Amino acid sequence: MSAGTLPVFRWRLAPDGLATRRQLRALGLRPGGQDVAAQLERPRKRRGPLIAYLYRIDHAKPVRPMTPARWAALERANRARRLCPGCGADAGYVIPSSLGTCVPCAYPEGDSSDGVAA
């Protein structure tokens, strides 16, 4: 196989022994630095095809375990997504990017237009 050319398979017709990143992750594996082995193409109407890259399962490595430092970093990142920039309170949920603030700050008049009957 020459450099730059990958085998191309149609959607759901890839041979055994190849998997996407998500499929590898479901098996507790990661690509581990290997090159892409092939690609899948799913045709679409009026647009270019969807492409998924495939990796060899036999060359995949186990997923690295989460260290205490990684768990702490993940907790800090999630906490930052819950902090309201308007009032500074922890909203208890990830603040929607469409609002930019917690719901009480986004709708301060307190109208109950959420569809719940009193």
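Trainee: Which side chain does R82 meet in a salt bridge at 3.3 Å, N to O?

Mentor: Keep in mind that this model is predicted. The cut-off for a salt bridge is 4 Å between a Lys or Arg nitrogen and a carboxyl oxygen. At 3.3 Å, N to O, the pair qualifies, because the limit is 4 Å. The partner of R82 is D90.

Trainee: And R82 itself, buried or exposed?

Mentor: Buried means under 20% relative accessible area. R82 has 19% relative accessibility, so it falls under that cut-off. R82, then, counts as buried.

Trainee: How far apart are the closest N and O atoms in the salt bridge of D58 with R56?

Mentor: Take the surroundings before the distance. D58 is exposed, with a relative accessible area of 54%, while R56 is partly exposed at 34%. In general, side chains of opposite charge can pair when their charged atoms come close. For D58 and R56, the closest N and O atoms are apart by 2.7 Å.

Trainee: How many salt bridges does a search of the whole structure find?

Mentor: We've talked about R82 with D90, R82 with E75 and D58 with R56. For the whole structure, the search gives a total of 3.

Technical notes:
Residues numbered from 1 in each chain as written. Predicted model: local features only at pLDDT ≥ 70, side-chain atom pairs only at ≥ 80, totals over all residues. Heavy atoms only, no water. Buried < 20%, exposed > 50% of the residue type's maximum accessible area, 1.4 Å probe, protein only.
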